[in-house]
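The sequence and structure come first.

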Amino acid sequence: MKKPVEATLLSLHLFNERAHKLANSRFLAWLKRCGNKQPEMKLILQRNWLAYSDLNSEDLDSFCLNLRLLIQDRDGFSIRCLSRIYEQFPEDYREAKDAFCFVRQGLNEFLMGESLVQLQGCRPLSHRELLNVILYGGITHNNLRYYRDFLRLTRAGVFSSLVFGIFWNITLTLNSAIQRIALLNQEVIEWEMESRSSPKQIEN
């Protein structure tokens, strides 16, 4: 099996660029600073699902737009795209391959789990389904498949503030997995660069 080629390394690099933007985003900084803060009743009564006066909705939008690139396959460096790349790595990269599979499996198990958010007359949404409704129904897209459910979830007063709390837990879990994958990517990139720069032994 061939070793990683330039296009492969570029995909890992592009993933890491976006992961870096997530890690240094203003929204994530707000979560770390105010994650235990109680939502503001004045904003809840106004049916504002972002019930925190010091939370900038544009910071959330920016975070979600970068997140979308890492979970959608369109640009070729999503987590799913990287899984196909890691599968093709030779046995020399077995440790990185196994670590990537472990992180991805744990993330998928979390996303398949119930979110405790339930639309009227329906079963509880999984974490993945809730993420899709919020991202594609109103923040990064206005997909009609999700738009009405997005409005139901984000214009329901106290319930909507609870939805936001669950959503930010999903984003924290996603970011944690993404940062771990970024570390693996960096190791692979460094291994490959080191192997290319090492002098080749001449066989007698």
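How much space lies in the largest pocket?

## Largest pocket

The model is a predicted one. Its largest pocket holds about 270 Å³ of space. Helices α4, α5, α6 and α7 each give two or more residues to the lining of this pocket.

The lining consists of 14 residues, and those nearest the pocket centre are Ile71, Arg80, Asn108, Leu111 and Arg128. Sorted by class, the lining has eight nonpolar, three polar and three charged residues.

## Nonpolar core

The largest nonpolar core has 59 residues, and the members that touch the most others are Phe15, Trp30, Trp49, Leu60, Leu82, Tyr86 and Phe164. Elements giving two or more residues to this core include α1 (6–23), α2 (26–34), α4 (57–71) and α5 (79–87), along with α6 (94–112), α7 (127–139), α8 (144–154) and α9 (158–197). The greatest contribution is from α9, with 13 residues.

Leaving aside residues up to four places away in sequence, Trp30 touches Gly35, Tyr52, Asp54, Leu55, Phe164 and Trp168.

## Cysteines

A disulfide is a covalent bond between the sulfur atoms of two cysteines. A search of the whole structure finds zero disulfides.

Cys64 is buried, with a relative accessible area of 0%.

For Cys101, the closest cysteine sulfur is in Cys81, at 15 Å, again too far for a bond. Cys101 is partly exposed, with a relative accessible area of 46%.

How values were computed:
Residues numbered from 1 in each chain as written. Predicted model: local features only at pLDDT ≥ 70, side-chain atom pairs only at ≥ 80, totals over all residues. Heavy atoms only, no water. Core = buried A, V, L, I, M, F, W, Y, C linked by side-chain atoms within 4.5 Å. Buried < 20%, exposed > 50% of the residue type's maximum accessible area, 1.4 Å probe, protein only. Helix = DSSP H or I, 4+ residues; strand = E, 2+ residues; numbered from the N terminus. Contact = heavy atoms within 4.5 Å. 1 Å grid on protein atoms, 1.4 Å probe; cavity = no way out; pocket = protein on both sides within 12 Å on 5 of 7 lines; lining within 4 Å. Points joined across faces, edges and corners; volume = space filled by probe spheres on them. Nonpolar A, V, L, I, M, F, W, Y, C, P; charged D, E, K, R; others polar. Disulfide = S-S within 2.5 Å.
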